[in-house]
Amino acid sequence: MNLDLVYRQAVLSVAGNPRVEALIKGRARGLVRRYVAGETLEEALGVAEALEAQGVHAILALLGEMVRSEAEARAFQAGILELVRAVASRPWPKYVSLKLTQLGLDLSEDLALELMRGILREAEPRGVFVRLDMEDSPRVEATLRLYKALREEGFSQVGVVLQSYLYRTEKDLLDLLPYRPNLRLVKGAYREPKEVAFPDKRLIDAEYLHLGKLALKEGLYVAFATHDPRIIAELKRYTEAMGIPRSRFEFQFLYGVRPEEQRRLAREGYTVRAYVPYGRDWYPYLTRRIAERPENLLLVLRSLVSG
Ligand code: FDA
């Protein structure tokens with residue numbers, strides 16, 4: 001396993017320790033501000049409006065995952081419905097993201113499916129697109145099953161995510177083809193054992209390009225969610241060489257990451273979206289961002305030293 005991945009696995013494995021959690025929560029305010037739009041919907045809408053003014057569209061996401069009770073899952077559904085109605089009333093592209101474990105996937109697939117139907121019944125007539133984020137490998141099968149069930153029920157404004165670090169992903173992509181998914185492709189942000197995920201960053205990057213090109217060749221609409229400059233450059237070159245129009249794909253970034261590149265791509269005429277998370281449950285999201293970038297851990301450690 002190369003060093004990037006060793007670092008990532010180490011951060012994600014200590015992040016669950018309550019003492020580490022208390023430490024990061026107390027010391028990471030600056031990082032939270034960089035990556036999270038705020039704790040309230042109003043703050044997130046303010047950020048989305050500012051992005052729009054720069055030609056970047058927002059993907060709004062109410063933070064929350066791995067709920068442990070039906071009441072919590074229903075409360076998150078209520079929050080997401082409030083978000084759907086709020087974005088529906090704005091003039092900009094209407095797009096939200098959520099996690100199925102936020103809607104009780106770990107408690108019961110039926111519950112998550114029922115809550116998803118409720119969200120899509122509100123979202124679809126209002127023209128709001130709903131992306132199902134992909135979580136860690138034990139949840140992939142159930143997430144894909146729910147996505148397919150929703151499509152079979154006739155919902156269309158719903159999209160799925162695939163992760164290039166998993167060995168299984170090419171097969172998942174081929175299995176999804178009959179559903180003509182609107183696909184978001186990512187490298188993958190969770191701690192995964194080498195039995196299920198490539199243990200080498202170069203292989204994950206190569207697989208990303210392989211899967212992205214395969215999805216485009218198969219005629220899918222693809223959202224390339226990566227900040228990786230080499231991958232973005234290669235996708236720009238490839239789509240141009242193959243005559244694939246810009247209406248067939250887009251680039252997605254996380255709020256707070258490479259904002260100047262987001263604006264530059266938008267100016268060049270590409271569709272660019274930024275994932276704008278908000279809410280009180282920011283800790284797991286932030287730990288994944290620290291795991292992606294050693295400099296972020298240094299910022300937390302520095303704030304410890306400076307008191
Ligand atoms: P990589 O990690 O190789 O980084 C390339 C370069 O980007 C770095 O050198 C650095 O310059 C910059 N960079 C990357 N991460 C950064 C950070 N946190 N802060 C500052 N700079 C950074 N994952 C998942 O498992 N399920 C999901 O549903 C999603 N959804 C999702 C949506 C969107 C819009 C994005 C952009 C990403 C996700 N991800 C995700 C996260 C994804 O799997 C991955 O962990 C991150 O995008 C980081 O990987 P990169 O592809 O950017 O490459």
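**Reading the model, term by term**

Mentor: Taken over C-alpha atoms, the centres of domain 1 and domain 2 are separated by 23 Å. Domain 1 covers 1-36 + 282-307 and domain 2 covers 39-281, the bounds coming from an automatic or database domain assignment. The model is a predicted one, in which local features need pLDDT of at least 70, side-chain atom pairs count only at pLDDT 80 or more, and totals for chains, interfaces and linings use all residues. Residue numbers start from 1 along each chain, following the sequence as written.

Trainee: How many residues does each domain bring to the contact?

Mentor: Domain 1 gives 16 residues and domain 2 gives 16 residues. Contact here requires that the C-beta atoms of two residues, placed from the backbone, lie within 7 Å.

Trainee: What makes up the side of domain 1 that touches domain 2?

Mentor: Helix 1 (3-14), helix 3 (29-35) and helix 12 (283-292) supply at least two residues each. Counted by class, that side of domain 1 has 9 nonpolar, 3 polar and 4 charged residues. Nonpolar means Ala, Val, Leu, Ile, Met, Phe, Trp, Tyr, Cys and Pro; charged means Asp, Glu, Lys and Arg; the others, Gly among them, are polar. Helices are DSSP runs of H or I with at least four residues, strands are runs of E with at least two, and both are numbered from the N terminus.

Trainee: Where does the ligand lie, and how do you know?

Mentor: Domain 1 and domain 2 both give residues to the shell around the ligand, so the ligand lies between them. There are 21 residues around the ligand, and Asp-133, Val-186, Ala-189, Thr-226 and His-227 come nearest. Strand 4 (158-163), strand 7 (249-254) and helix 12 are the elements that give two or more residues to the shell. Strand 7 has the largest share of the shell, 3 residues. By class, the shell has 10 nonpolar, 5 polar and 6 charged residues.

Trainee: Why is Tyr-275 called buried?

Mentor: A residue is buried with 20 or more other C-beta atoms within 10 Å of its own, exposed with 12 or fewer, and partly exposed in between, the C-beta atoms being placed from the backbone. Tyr-275 has 23 other C-beta atoms within 10 Å, so Tyr-275 is buried. Tyr-275 is part of strand 8. Leaving out residues up to four places away in sequence, Tyr-275 touches Ile-59, Ala-61, Ser-97, Gln-252, Leu-254 and Tyr-255.

Trainee: Which residues of helix 9 are buried, and on what side are they?

Mentor: Glu-207, Tyr-208, Leu-211, Gly-212, Ala-215 and Leu-216 are the buried ones. They cover an arc of only 165° around the axis, so they sit on the same side of helix 9. The arc is taken from the directions leading from the helix axis to the C-beta atoms. The face turned away from that buried side carries exposed Arg-202 and Lys-217.

Trainee: What makes the buried residues of helix 4 line one face?

Mentor: In helix 4 (residues 41-53), the buried residues are Ala-44, Leu-45, Val-47, Ala-48 and Leu-51. Seen down the axis, they fall within an arc of 160°, so they line one face of helix 4. Glu-42, Ala-50 and Ala-53 are exposed on the other side. The cover over the buried residues includes strand 1 (57-62), helix 5 (70-88) and strand 8 (272-278).

Methods. Near = placed C-beta within 6 Å.
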